[in-house]
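Please keep the sequence and the 3D view open while reading.

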Amino acid sequence: MNDSKVNEASPHIDFYLIGMGNNRSVSLSEEVSALVRGHRVFSGGERHRSLIGHLLPHDHDWIPIKGKMERVMHAYEQYEKSIVIFVSGDPFFYGFGNTLRRLLPKAKLKAYPHFNCLQLLSHRLLLDYSQLCSVSLHGRDWSGLDEALLMDRPLIGVLTDAGKSPKAIALRLLDYGHDNYTMYIGEELEGEREQISTLPLEEAAHFESAALNCIILKRTLSYKNNIGIEDAHFSHLPGRPGMITKRPLRLAALSALQLHRAGTFWDIGSCTGSMAIEAKRMYPGLQVTAFEKREECRHLLQENTKKFRTPGISIIIADAFDLKLADLQRPEAIFIGGHGNRLEAMMLLMNTYLQPGGILVMNTVKPSSADTFEHSARQLGLHLSEAITIKINDYNTIQLMTALKPIR
């Protein structure tokens, strides 16, 4: 929008964002009513138009908010006049105001917020929501909710959508052993069919809710994660209980990986998933992918993630050499738990996708493997840390190898 062509009172505002509830008896403040009377270009969703349409000037233009947001922004830019946009609740609470900020960063905005739906549900429940952890699953994956669960949040507010409904959320929590929450469901808040339900997760898993809803999860029991799971607690491959990175080695390797500064972690040759699970439990916001080429480990990985209440780990059953790794988020940390006797090739492959400043870690029993790791690291221009020697009971001596990819 060209500010120089707009003959309006200073300061010029490109977009007025009007927060709305779900009440058909719309009551606007004097200031907002004056804005509506003084403008001719409006925007919002179809639900907003159905609520506010009777108050708009007869000769108004309406820009629907639907489809690709870039197209909506293009439609806005065809007008030199200010546009009044109707949104749900607070435009900056997972709202359209954030979309405008992202796609039209130079636009001048003014907001008139309404309570967001989680605030309204808290009000209905007379709930102290000062510690509420808010998560949006609306058009998003499960990662936000998974992180809140792993952090053992006492109060979690969730914005839902058709696919991630209260029923689907309850089923996921139960599937991963997070049965320590009560679910509060707010349907059609502020509308004529408003309904508030308080349900245990077992009942919520069968509850059919109205399309317009949000939920609050209230913790009834704390499931705090310990650091360092006992090896015997993991499910193993039949007859092969030794096929696991032992607990002291896991903790040493996780420390060497410096996951506190990583956003993405790859566990190569995951088998039981012990490294991936420990990493995700220690750093709930970490994006963790477990790679394992043996099909018989698929069920094993799934079983262990559920046994230890660890949702959010991506499991890929395939040989890493056969994958299009470029389609994945590049990691800052990689643990090589298996390489199929192709360590040099694996080092080369992992280095291709490891981000600058990232860390590569491996445990090895064979001196030849340690030599290969060191040789490959030098060939690839990685900085080697001093190897750490670890001896656990009657097991063979293990070398913990670490290499850092320099930032060029």
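The sections below cover the model, its sheet, its cores, one cysteine and the salt bridges.

## Basis of the model

This is a predicted model, in which local features need pLDDT of at least 70 and side-chain atom pairs count only at pLDDT 80 or more, while totals for chains, interfaces and linings use all residues. Residues are numbered from 1 along each chain as its sequence is written, and side-chain values use heavy atoms, with hydrogens and water left out.

## The open sheet

Five strands form an open sheet in the order E3-E2-E4-E1-E5, with parallel pairing. Strands (E, at least two residues) and helices (H or I, at least four) are DSSP runs numbered from the N terminus. Two strands pair if DSSP finds at least two bridges between them. Strand E3 (61–64) and strand E5 (109–112) are the edges, and each pairs on one side only. From one strand to the next, the twist averages 25 degrees. Strand E2 (residues 41–44) runs parallel to E3, and four bridges join them. Phenylalanine 42 stands opposite tryptophan 62 in E3.

Helix H1 (residues 30–38) packs on this sheet. It touches strand E1 (15–20), E2, strand E4 (83–88) and E5, and its direction makes about 130 degrees with that of E5. Helix H3 (residues 69–76) lies across E1, E2, E3 and E4, at about 160 degrees to E3. Axes are lines fitted to C-alpha atoms, for helices over the stretch in contact; angles run from 0 to 180 degrees between N-to-C directions. Contact means heavy atoms within 4.5 Å.

## Two nonpolar cores

A nonpolar core is a set of buried Ala, Val, Leu, Ile, Met, Phe, Trp, Tyr and Cys residues joined through side-chain atoms within 4.5 Å. Buried means under 20% relative accessible area, exposed over 50%, and partly exposed in between (1.4 Å probe, protein chains only). The largest core has 26 residues. Among those with the most contacts inside it are Leu257, Phe265, Met275 and Val361. Elements giving two or more residues to this core include helix H9 (247–257), helix H10 (274–282) and strand E15 (359–364).

What does valine 361 touch? Beyond four places in sequence, its contacts include Ala253, Leu257, Phe335, Leu400 and Met401. A second, separate core has 23 residues, including Trp142, Ile185, Leu199 and Ala204.

## Cysteine 214

Cysteine 214 lies in strand E10 (residues 213–219). Is cysteine 214 buried or exposed? It counts as buried because its relative accessibility is 1%. Leaving aside neighbours within four places in sequence, cysteine 214 contacts Cys117, Leu118, Val158, Tyr184 and Ile185, among others. Lysine 280 is 66 residues from cysteine 214 in sequence and 27 Å away in space, C-alpha to C-alpha.

## Salt bridges

The count comes to 14 salt bridges. Each is a side-chain nitrogen of Lys or Arg within 4 Å of a carboxyl oxygen of Asp or Glu. Arginine 193 bridges to glutamate 188, with the closest N and O atoms 3.7 Å apart. Arginine 193 is exposed at 65%, whereas glutamate 188 is buried at 17%. Arginine 298 pairs with glutamate 295 at 2.7 Å. Both count as partly exposed, at 32% for arginine 298 and 46% for glutamate 295.

Arginine 378 and glutamate 374 meet at 3.8 Å, N to O. They sit four residues apart in helix H13 (residues 367–379), so about one helical turn separates them. Shared partners join Asp231, Arg250 and Glu278 into one salt-bridge network.
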